[in-house]
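Biologist: Take me through this fold, please. I want each label tested against its definition.

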Amino acid sequence: MAAITLVRFILLALLSVLGYCQIQTPPTNVTSGFVRHPILGETQITWYYSGDYVVYDGDVVYGTIADFTRDLINVTYTNNNENNTSVYRREFSPQKRSNSIFQGTSGIWPAGQINYRYADSTTESLFSTFVQQAIAEWEGNVPCLKWNQKPTGSDTAGGVSTTTIQYAPGQGYCAASIGFSSGGDAMLLDNGCGRAEILHEWGHILGLYHEHKRPDANGFLQFVCQNLQDYPFGFTPAVADATCCGASACCGFACQFTPQFGTYYNQLGPANGGAFDFDSVMLYRRDAFAAPGKFTLTNGPNSYQNPQHLSPGDIARVQQLYGCIAPTCPNGCNPLSNTCSFPTAQDCIYPSPNIPNPRAACACRAGYKAAAADDDTTKHWRLPAPEGSFRVWVAEGVPCDTLCDFPWGVNSCQEVTELGAECLHT
Ligand SMILES: [Zn+2]
C-alpha cells in the first residue's frame with residue numbers, strides 16, 4: 001500500500017513538473033447523453049461527476065449535480081454498457097464560429113471585473129502562485145479585464161458573484177465553469193494544475209470554449225477516434241466506429257472532440273473570431289485522452305505539455321468578447337459622390353460641420369435606425385453632434401427604416417452604439 005502511495009506521489013510529482021494535460025487521470029463513470037444546455041441548447045455531451053459538480057467536455061464544469069439533473073434529457077451511453085441502445089446525435093447546420101459565449105449576454109463578467117476567491121487556505125497555499133501567474137498573463141494582455149480577489153473562505157460579502165477556486169484532490173484534472181454565472185463559478189484544481197492549465201481554465205471562466213470543438217475544426221484538426229483510451233467503448237470496433245466515432249453519433253471520450261455545430265455565435269468583426277488557432281490555449285494537446293503512445297489530435301499541439309501562453313488569437317477573441325477594442329470610426333460618406341441609401345437616409349451631411357476636417361455620414365430621420373444589431377457600428381451608429389446624440393447615422397448604401405425602441409425626442413435611439421467625438425472628424 002505504501003509502495004502504491006509512493007508511486008502515485010511520484011507520478012503526481014512528475015505530472016506537476018511536466019504540466020500534464022488538463023486531464024491527468026482518466027475519469028471513470030463516463031456517461032454520454034443529451035442535455036438541454038442553457039447556452040448550447042440541446043446537445044450531446046459526455047460527463048462525469050466530481051464531488052458536488054458535474055464536469056463535461058473534459059474539463060468544463062457544467063454546474064452542480066442539481067443543475068445538471070434539471071437539464072438532463074436522456075442517457076445514450078455509459079462505460080459499463082447500460083443504456084447503450086439509443087446512441088444518436090442531433091444534426092446541426094454548421095456555422096462559422098466564434099468559439100465563445102455570446103457577446104453582451106449574462107455570461108460576460110460585468111464590466112470585465114472577475115471576482116475570485118480561494119475556498120480555503122489549503123487551496124490558496126497550493127495554487128495561489130500559479131493562479132496569480134495566470135491572472136497576470138491575462139491582465140497583461142487584456143488590460144480592460146480586472147481580477148479582484150475576495151477573502152478566502154465562504155462568501156461572507158454576499159451578493160457578489162465570484163469564481164471559487166477549490167482543491168479537488170484525486171479528481172485527476174483541472175476544470176472550470178464557462179462564463180459568468182450569477183450563482184458563482186467554480187474552478188476545481190488537482191495536483192498538477194499549473195500556470196498553463198489555469199490559464200486555460202480562466203479562458204473557460206471568461207467564456208471561451210475549446211478550439212477543437214469549433215464547427216470548422218474538422219477542416220483543420222485530424223482527430224483519430226480509434227486512438228482514444230476508451231475505444232472501442234465496450235463494443236466491437238465496427239459498432240464503435242459506427243455509433244461512437246461516426247459523423248452523426250458519439251459516445252465516451254469521443255463526444256469531447258466532436259465539433260459543436262450550430263450553437264456558436266457568428267461574431268461580428270474580423271474573420272468570425274479568427275482562423276483556426278493551433279496556438280490557442282483552448283486547444284487540447286495531441287495526446288489528449290489518447291491510449292498510451294497514441295495521438296488523438298495527430299496534428300495538434302505538442303504532446304508533452306499544454307500550450308504555455310496565450311496566443312494572439314486568444315487575446316483578440318477575449319478583447320472582442322469583452323468589448324475591449326474601441327470601435328473604429330466608420331468611413332462615413334462622401335458628399336461629392338453620395339451613395340447614401342435612398343429614400344430613408346439619402347442625405348450625406350456633416351454631423352458637426354464647423355470643426356476642422358469634418359467627417360460626413362448618411363443621416364437617418366430622427367427616431368429611425370438600420371435593421372442591424374444595435375452595436376454593429378459598421379452599419380449604424382450615433383455621434384455626440386452639436387444637435388445632440390439622438391440621431392442615428394448609417395453607412396453608405398444602408399437603409400434606415402427601422403423604428404428605434406424609443407423614437408421620440410432627445411432620448412431616442414439610445415440602444416444604438418454612440419461613438420466618440422473623434423469620429424466627428426477625419
Ligand atoms: Zn478546457
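**Labels and their tests**

Modeller: Start with strand β6 (residues 113-118) and β7, which run parallel and are joined by 4 bridges. In β7, lysine 146 is the bridge partner of glutamine 113. This is a predicted model, in which local features need pLDDT of at least 70, side-chain atom pairs count only at pLDDT 80 or more, and totals for chains, interfaces and linings use all residues. Residues are numbered from 1 along each chain as its sequence is written.

Biologist: What makes β6 and β7 joined strands?

Modeller: Strands are DSSP runs of E, at least two residues long, and helices are runs of H or I of at least four, both numbered from the N terminus. Two strands pair if DSSP finds at least two bridges between them. β6 and β7 have 4 bridges, so they pass.

Biologist: Which strands stand at the edges of the sheet, and why?

Modeller: The sheet is open and has 10 strands, in the order β5-β1-β2-β3-β4-β9-β10-β8-β6-β7, with mixed pairing. β5 (72-78) and β7 (146-149) each have a single partner strand, so one side of each lacks a neighbour in the sheet. That makes these two the edges. Neighbouring strands are turned by 35° against each other on average, direction ignored.

Biologist: How do you know how β3 runs against β2?

Modeller: The bridges show it. Strand β2 (residues 41-50) and β3 run antiparallel, joined by 4 bridges. Tyrosine 49 has valine 54 of β3 as its bridge partner. The hairpin has 2 residues between the strands, and glycine 51 takes a positive phi near 60°. On to strand β4 (residues 60-64): 4 bridges join β3 to β4, again antiparallel. There, valine 55 is bridged to valine 61. This hairpin has 3 residues between its strands, and aspartate 57 has a positive phi near 50°.

Biologist: Why is strand β3 called covered on both faces?

Modeller: A residue is buried if 20 or more other C-beta atoms lie within 10 Å of its own, exposed if 12 or fewer, and partly exposed in between, with C-beta atoms placed from the backbone. In β3 (residues 53-56), Tyr53 and Val55 on one side and Val54 and Tyr56 on the other are all buried. Both faces are therefore covered. For the protein chain, 44% of the 426 residues count as buried.

Biologist: What makes α4 mostly covered?

Modeller: Of its 12 residues, 10 are buried. Among them are Trp202, His200 and Glu201. α4 also packs on the sheet, touching β4, β6, β8, β9 (175-177) and β10, and its direction makes about 20° with that of β9. Such axes are lines fitted to C-alpha atoms, for helices over the stretch in contact, and angles run from 0 to 180 degrees between N-to-C directions. After α4 comes glycine 207, with a positive phi near 120°.

Biologist: How do you know how the reach of α4 compares with what is expected?

Modeller: The expected span is 1.5 Å times one less than the number of residues. α4 reaches 16 Å from its first C-alpha to its last, close to the expected 16 Å.

Biologist: What makes a set of residues the largest nonpolar core?

Modeller: A nonpolar core is a set of buried Ala, Val, Leu, Ile, Met, Phe, Trp, Tyr and Cys residues joined through C-beta atoms within 7 Å. The largest such set has 71 residues; Val55, Val61 and Ala254 are among those with the most contacts inside it. Helix α4 (residues 195-206) gives the largest share, 5 residues. A second, separate core of 25 residues includes Cys333, Cys362, Tyr368 and Leu383.

Biologist: Which residues does alanine 254 contact?

Modeller: Contact means C-beta atoms, placed from the backbone, within 7 Å. Beyond neighbours within four places in sequence, alanine 254 is in contact with Cys225, Leu228, Cys244 and Cys245.

Biologist: Where does cysteine 362 sit?

Modeller: Cysteine 362 stands opposite valine 394 in β15. Strands β12 (residues 361-363) and β15 (residues 392-394) pair antiparallel over 2 bridges, which meets the cut-off for pairing. Both belong to an open sheet of 4 strands, ordered β11-β12-β15-β14.

Biologist: Where is confidence lowest, and where highest?

Modeller: pLDDT is the predictor's confidence in each residue, from 0 to 100. Helix α1 (residues 2-18) has the lowest mean, 38, and helix α3 (residues 121-141) the highest, 97. Over residues 1-21 the pLDDT is below 50. For the protein chain, the mean is 83, and 85% of residues reach 70 or more.

Note on methods. Contact = placed C-beta atoms within 7 Å.
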